[in-house]
Amino acid sequence: MFLTSDWRFDLIGQNSSHGVVGQVETRLVDFSITPFAITPERIAICDFTIEVGHGTFYTVFRHPKSLNENNIFLLPFETSLWIAICLTFGAAALIISISILCTPRTDRARSFIDRLGEDSLLCTVGIVCQQGLHHRVTMLTSIKILLLIAMVSSMLLVQFYSTFIVGYQLIMPPKTINTLEKLMDSDIKMSVENLSYQYDFFHRTKSPEALRLYETKILPNKYGFVNLTFGMQLVKRGGYAFHCETSYGNALIIDTFTDREICELQQLQLYPQRPVHLPMVKGSPLRELFKVNLQLLKERGLMAYHHSRSYIPRPKCNRQSNNHTEPIQLTDVKFAFLLLAAGMAASVAALLWECGCVRLRHWWLQTPVTTGPEGFVWLN
């Protein structure tokens, strides 16, 4: 018995003894217990017996929870609804501003700009956020009616918004990446199991989707071809897809993935699954003997029993194992921190501007005004 680490399909026709194909081609062995599929260039180097199984090569990845740049604050409503909300409350702020401008000022210390900023802008933001209002704004009956209607409208919108946020943590989001085209358009990176079987496919395929996937996601990636263990670690980390033989990859998934991570798994088929055959050396007298006995094993169920023991099926999602909730991660709420940082930066900039204006005004008032040259006096 000779042990090899790969098929080495790239050495077909080179009279090499490396790999399964090379040892069968150079007659170092009588047959191979590692099957492979029938292709035109392989028929000339070996004889095949009967079909003994199917390869289960799939692309596995953890489906991202959101495809909206991980900004859950914009997910509850569509873009058109957000525009309608901005226009509605912008109109409310405009009506309040017009009312303020048409009302005589009782407080001369406050300018129109201060009144517009405090009574109009902050009042509108308070309506949206379901907060209290300043007493100066609610003196007019017309403004009271507007504020009452705006508060009711805001309350209804907040109910829909908060319901979605709660459901976002309880419900498994739909898996929308279900084709190779959607996988290519996503931000998910891709790796492939480092086997000559994979290299042979990408070098021989004419599929435009597979070639585009190879050129855009696999070749530029420093983890383009990796072993099974490292590839599954990338999938577990998230943001990576891994193409491999899932019959033995599923065993690693069951051992290392949590129930939540298993429920997030998605599989795509990169190329059609082909039947595999047991190869023998060209012109072997044992070919018919193997074909008959393998067929008997197949009919008696021993081969199916072997597959059920050796080829682990895809693990099922067990959502009832615990109280399933979707965690809110830092990447999900980064927009809130970015908004806070932008507000702090604007506040600091406004503070520096105000300090500069106050110092300039103070310097201007303290500077004496020259009335003329020394000794100059007014006659009258």
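**Exercise 1. Determine how helix α9 is placed against α10.**

Solution. Helix α9 (residues 228-237) packs against α10 at an angle of about 50 degrees, and their axes lie 11 Å apart. Axes here are lines fitted to C-alpha atoms, for helices over the stretch in contact, with angles running from 0 to 180 degrees between N-to-C directions. Therefore α9 is oblique to α10, given that angles under 35 degrees count as roughly parallel, over 145 as roughly antiparallel, 65 to 115 as roughly perpendicular and the rest as oblique. Next comes handedness: α9 passes α10 in a right-handed crossing, where the near helix is turned clockwise from the far one by less than a right angle, anticlockwise being left-handed. In the contact (heavy atoms within 4.5 Å), Leu228, Thr229, Met232 and Lys236 of α9 meet Tyr248, Gly249, Leu252, Ile253 and Thr256 of α10. By class, this contact of α9 with α10 has five nonpolar, three polar and one charged residues. Ala, Val, Leu, Ile, Met, Phe, Trp, Tyr, Cys and Pro count as nonpolar, Asp, Glu, Lys and Arg as charged, and the others, Gly among them, as polar.

The model is predicted: local features need pLDDT of at least 70, side-chain atom pairs count only at pLDDT 80 or more, and totals for chains, interfaces and linings use all residues. Residues are numbered from 1 along each chain as its sequence is written, and side-chain values use heavy atoms, with hydrogens and water left out.

**Exercise 2. Describe the crossing of α7 and α8 and the residues that meet there.**

Solution. The axes of helix α7 (residues 196-204) and helix α8 (residues 208-218) come within 9 Å and cross at roughly 120 degrees. The crossing in which α7 passes α8 is left-handed. From α7, Phe201, Phe202 and His203 meet Ala210, Leu211, Tyr214 and Ile218 of α8. This contact of α7 with α8 divides into six nonpolar, one polar and no charged residues.

**Exercise 3. Characterise the largest pocket by its volume and lining.**

Solution. A pocket is an open set of points on a 1 Å grid over the protein atoms alone, with protein on both sides within 12 Å along at least five of seven lines; lining residues have an atom within 4 Å of a point. The volume of the largest pocket is about 1000 Å³, this being the space filled by probe spheres set on the points, which are joined across faces, edges and corners. Its lining holds 38 residues, with Ser32, Ile33, Thr34, Pro35 and Leu278 nearest the centre. The largest share of this lining, five residues, comes from α13; helices (H or I, at least four residues) are DSSP runs, numbered from the N terminus. By class, the lining has 22 nonpolar, twelve polar and four charged residues.

Terms used: 1 Å grid on protein atoms, 1.4 Å probe; cavity = no way out; pocket = protein on both sides within 12 Å on 5 of 7 lines; lining within 4 Å. Helix = DSSP H or I, 4+ residues; strand = E, 2+ residues; numbered from the N terminus.
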